[in-house]
Amino acid sequence: MLNNTPKEISERSALVVNPAKTCQPIGAMYAALGIHGCLPHSHGSQGCCSFHRMHLTRHFREPIVASTSSFTEGACVFGGKTNLKKGLETVFEIYNPEIVAVNTTCLSETIGDDLSEIISSTNIPKGKTVIYANTPSYVGSHITGFSNMTKAMVTHLASKDENGGNNKLAIIPGFVEPSDMAEIKRILKLIGIPFIMFPDTSGVLNSPNTGKYVMYPKGGVTVEELKDLGNCFGTIALGKFASEAAAYELEKKCEVEAHVLKVPIGIKATDDFIMELLQMTVKEVPKELEEERGQLVDLMVDIHNHYHGKKVAIFGDPDIVTSMTEFAVSLGMIPKYVLTGTPGSAFEKDVTDILKSAGIEDFRVKAAGDLMELHQWIKNDKVDLLIGNTYGKYISRAENIPLVRMGFPILDRVGHSYFPVVGYKGAMRIIEKISTALLDKYDRECPEEDFELVM
Amino acid sequence: MKSLEAYPLEERKSHILVKEKDQNQGISCGRHSVSGVVSQRACVYCGARVVLNPITDAVHIVHGPIGCSSYTWDIRGSLSSGSEMFRNSFSTDLEEKDIIFGGEKKLSEAIDEIVRAKFPKAVFVYSTCVVGVIGDDIEAVCRAAERKYGIRVIPVKSTGFAGSKKDGYKAACDAIISLMDGGKYERGVKDPRSFNYLGDFNLAGEIWVVNNYFKEIGLNMITGVTGDSTVEKLRKARNASFNIVQCAGSSIYLAERMKEKFGIPYEKVSFFGIQDTVSSLIKLAELSGDEEVKKKTEKLIRIMVAEVEPVLEKYRKKCRGKRVAIYVGGGFKAVSLIKQFSELGMKTVMVGTQTGRKQEYETIRELVEEGTVILDDTNPSELEKFMKEKGADLLVGGVKERPLAYKLGMAFIDHNHERKHPLIGFEGAVNFAREVDLTLNSPVWEFVRKGGLHE
């Protein structure tokens, strides 16, 4: 269906075709869902909230609940103050959340609503909390929105007690799946490090079916834990784009030292993550992790011939794409095209460094790009594999290139909520997916005489 | 009634009705949602986009920040027999500087870039919330582009906050009228057998199913509006002798305008369920005034009913007596569904719509049995409450309702954008019954009902 994408690339400066990003508020909503007992509130038109809920519902296959200020023309003329005040009262009256996390939209930002003033003049029931993040849709992307809401958790709630630390590590997982967050927690537990993870959507957006609908599932970081963040001995922020801002905010506000690392996708990034944990805590590598790493290396060796030398295009969100590019290089693949829709020169620099230091010369990397451009690159010089979100399926079909689904959103397959891509176990899963995708295509299309039982 | 008394929010009470108890009282509808409530409703832009999107060879460019375009990229499930242009996503991706200095220049450049790369037959330019606030003169930009390129560039007044989804339908219909106006109009005697089919968006190819009937009985459908339509076909639409309208919520306004402007009369039809399909076909034959057509119609009905009745009977045995909850967009669809379920021997115990009209709610009230709960613009808590209270076995709804039903261990059918098989006409009635049977009688519910290991 994207067959009408022209091969000739004409310069575009105003038009985006087939975006590789979406807007801030949905990222803020996802982050907010990682707080226990939180109802996200969208300060804007009904449509935004409806679209965000719909999109998240399709990705997670879970009920996504969020309230909205339901802007009208009146609100746009006189400001959204009445809507938000009334909205917050209604929310606490009907849905009784522990905390409401308000995100703005392009509309309320352009009108210039002062959320700090509006919220402080609203009657919030005793013991309940309201935080907010400015998330104008015309700046950055959904990753920026996730980052801003995560930072807001620190700004509004974190504090440092006089009597010293809590001996916990603050850990910011970034815009990853609930399964990834659970895997990062498992690794921390294996090493034996007490921690506060924020946000934490595991147990919220991959909750078990019990025959009952629970509006606020068991998972999520609690408000108490968020308040306690200032007493942590250090922060590990996974991913520059999604997590760095909150870590620096915590450093500024409560002098908790920030350590910014890559999202631990692939063997190198996971090694770096674990080594950093060990250094910060003076702990030993647990036997289980040593074994998992050994298994990963074993698998990499067993089937290295399946993917070595294959050309791959990787697209999606910057933190995940950067780590995935590094892992692809570890596997001997050639990342030929690497693209994100999120703006930011750090992405282009980091990816370029990874590729150059691997001796790869012939590649294209782009931030603030779109999928029409990626498709045009591929049309001009093909790759063997595509790694990215569901939107890659159009290119995959048009060019007959297998697609390994990774990132956000995945609207047409399951698994991402339950099986991680981070850590050594996650890396093994990625290898399985890549190998299966390449071999399935080969088995389907190879000449009869080349069709083999053992591969 | 107990459930109403237990329900806390005063403003919502008039939107809920129980047949029998409140016999003399009408339902409140068509009002704006209460701020702070988790509404299932969307915005003006959403309404306009879903109506216009299936115009297959047009470019649909969204003038606003990226989100509005991302969330509506190919979500409708409309099929095309020709161009796939409409399944791409075009946006001006407004950024901060555009909000400050205005986005007209960027829009104008974006249109230039589109025309250079794609040579579309027509371009629809959608306005969004933020564009409504910063006051870009989209109409002037479109006029200038029309003059420059000699193609239709049509502004769609779909500023998100300026009304509800229904106002978006209206904005879309105005844009369609603008396209039809000035179209090819062959003066002279119209063919009494030529008509347009309004309010079908060719989800899962549904127009193709009914168009087979139209051909069979000797009628000539000029175009579906907007399902599987093209710019060219829509411009010929005014040659029709009459219009029939399937989805009244979105398209009755268009039918009215076409009557006013081009003197084309219209009738409402529904091809959902055997009963409605039969009566609509008879109505259609009468509209043509052609005896031959009437005879062929009777024959078609006889053959089709004889063909599907035994199949339906098979499903009826498996579904009889089960209880259904319905929550859909418009009232007219709800009416069709109630009848269709009763054809399967099933009982509707709850009916709700996002944007139903007073008159439709009256019809619903006449159709349903006593004790049935009727809801306007509801939210997940209300849905859960009434579905449980009424002991519903099956929910019919859209994207956001699906996981809610599943969490409750309840069967589910998407009668919206995610339908995968045509549910229209005689074949559709069979598909519908099959889908009801597949979900209702799946073995998976047993595992939900039995509870966990400890229960």
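Reply: E255(A) sits in the loop of chain A that runs between α10 (240-254) and β9 (258-261); helices (H or I, at least four residues) and strands (E, at least two) are DSSP runs numbered from the N terminus. It's a predicted model, so local features need pLDDT of at least 70 and side-chain atom pairs pLDDT 80 or more, while totals for chains, interfaces and linings use all residues. Residues count from 1 along each chain as its sequence is written, with chains lettered from A and ligands numbered from 1 in written order.

Most residues other than glycine have a negative phi, and most peptide bonds are trans. E255(A) counts as exposed because it has 9 C-beta neighbours inside 10 Å.

D93(B) counts as buried, though, because 28 C-beta neighbours lie inside 10 Å. Its place is the loop between β3 and α4 (96-101) of chain B.

That β3(B), residues 90-91, takes us across to the other chain: it pairs antiparallel with β1(A) over two bridges, pairing meaning that DSSP finds at least two bridges between the strands. One bridge partner set there is V17(A) with F90(B). Together they're part of an open, mixed sheet of five strands, ordered β1(A)-β3(B)-β2(B)-β4(B)-β5(B). At the edges, each pairing on one side only, you'll find β1 of chain A and β5 (152-156) of chain B. Further in, β2 (59-63) and β4 (122-127) of chain B run parallel over five bridges, with V59(B) bridged to V123(B).

Helix α5 (104-118) of chain B packs on this sheet, touching β2, β3, β4 and β5 of chain B, and makes about 160° with β2(B). Those angles run from 0 to 180 degrees between N-to-C directions, using axes fitted to C-alpha atoms, for helices over the stretch in contact. α8(B) lies across β4 and β5 of chain B, also listed at about 160°, here to β5(B).

Now for the core. The largest nonpolar one has 286 residues, and V125(B) and I326(B) have the most contacts inside it. A core here is a set of buried Ala, Val, Leu, Ile, Met, Phe, Trp, Tyr and Cys residues joined through C-beta atoms within 7 Å. Its largest share, nine residues, comes from α8 (165-180) of chain B. Skipping neighbours within four places in sequence, V125(B) is in contact with residues including I61(B), L107(B), I138(B), V153(B) and V156(B); contact means C-beta atoms, placed from the backbone, within 7 Å.

As for the two chains meeting, chain A puts in 57 residues and chain B 61. Among the chain A elements that each supply at least two residues are β1 (16-17), α2 (46-60) and α4 (81-94).

Back in chain A, there are cis peptide bonds to check as well. One joins F198(A) and P199(A), with omega about -15°, and P199(A) is in the loop between β7 (195-197) and α9 (223-227). Another joins F408(A) and P409(A), with omega about -5°; P409(A) falls between β14 (403-405) and α18 (423-445).

How values were computed: A residue is buried if 20 or more other C-beta atoms lie within 10 Å of its own, exposed if 12 or fewer, and partly exposed in between; C-beta atoms are placed from the backbone.
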